[in-house]
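Hi,

Here is the structure I promised to pass on. Have a look at it first, and then read my notes below.

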Amino acid sequence: LIMICGIYGTCGIMDCIAANTRGLGYSLVPSVVTMFGACILRIVWISTVFSIPQYHTLTCLYLAYPGSWIVTAIIFVVCYLVVRRKVFGEKHALSK
């Protein structure tokens with residue numbers, strides 16, 4: 001519970017970045033990234049890391065959630081920056 005709840009804010013940040021990207025008119029990008037992070041990445045985790053006998057524990061299984069949130073959030077940040085640069089141009093994309 002501590003592993004998942006302690007990093008659950010990352011999931012919220014990930015959803016906000018996805019919503020921003022959708023708001024810029026690119027709805028397919030967040031859909032594909034979410035499908036990768038929420039489904040494919042977790043299936044890969046379970047079929048590779050979790051299948052190793054020494055990591056076949058409930059803790060290792062629970063790590064699939066925060067691990068996928070972190071990786072997906074990083075991918076979302078990169079995608080958002082690329083989309084923002086396309087929509088607003090180079091100068092605006094780098095401003096704070």
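To get you started: in which helix is the place of glycine 23? Glycine 23 belongs to helix H2. Helices here are DSSP runs of H or I with at least four residues, strands are runs of E with at least two, and both are numbered from the N terminus. Glycine 23 is exposed, at 64% relative accessible area. For that word, the cut-offs are: buried is under 20% relative accessible area, exposed is over 50%, and partly exposed is in between (1.4 Å probe, protein chains only). From glycine 23 to valine 87 there are 64 residues in sequence and 11 Å in space, C-alpha to C-alpha.

A word on the ground rules. This is a predicted model, in which local features need pLDDT of at least 70 and side-chain atom pairs count only at pLDDT 80 or more, while totals for chains, interfaces and linings use all residues. Residues are numbered from 1 along each chain as its sequence is written, and side-chain values use heavy atoms, with hydrogens and water left out.

So how confident is the predictor? pLDDT is its confidence in each residue, from 0 to 100. The protein chain averages 88, and 92% of the residues score at least 70. Where pLDDT is low, the predicted coordinates should not be read in detail.

Now the overall picture. The protein chain has six helices and zero strands. Its radius of gyration (taken over C-alpha atoms) is 16 Å, whereas a compact globule of 96 residues would have one near 12 Å; the globule rule is 2.2 Å times the number of residues to the power 0.38. The C-alpha atoms fill a box of roughly 50 × 25 × 20 Å along the principal axes. Of the 96 residues, 24% count as buried.

On to the inside. The largest nonpolar core has nine residues, including Cys11, Met14, Ile17, Trp69 and Phe76. Helices H2 and H5 are the elements that give two or more residues to this core. A nonpolar core means a set of buried Ala, Val, Leu, Ile, Met, Phe, Trp, Tyr and Cys residues joined through side-chain atoms within 4.5 Å.

Isoleucine 17 touches Phe76, Val77 and Tyr80, leaving aside residues up to four places away in sequence; contact means heavy atoms within 4.5 Å. The backbone oxygen of isoleucine 17 is also reached by the side chain of threonine 21, at 2.9 Å. Threonine 21 sits in helix H2 (residues 8-23) and counts as buried because its relative accessibility is 0%.

In one of them, the ring centres of tyrosine 8 and tryptophan 69 are 5.3 Å apart and the planes are at 75°, so the pair is edge-to-face. This pair links distant parts of the chain, with tyrosine 8 in helix H2 and tryptophan 69 in helix H5 (residues 64-88), 61 residues apart. Rings of Phe, Tyr and Trp (its six-membered ring) pair if their centres lie within 6.5 Å; planes under 30 degrees apart are stacked, over 60 edge-to-face, and the rest tilted. Tryptophan 69 is buried, at 7%, and ring pairs link Tyr8, Tyr65 and Trp69 into a cluster.

Cheers

Note on methods
pLDDT is the predictor's confidence in each residue, from 0 to 100. A polar contact is a pair of N or O atoms within 3.5 Å; within protein, one must be able to donate a hydrogen and the other to accept it, and residues adjacent in sequence count only if both atoms are side-chain atoms.
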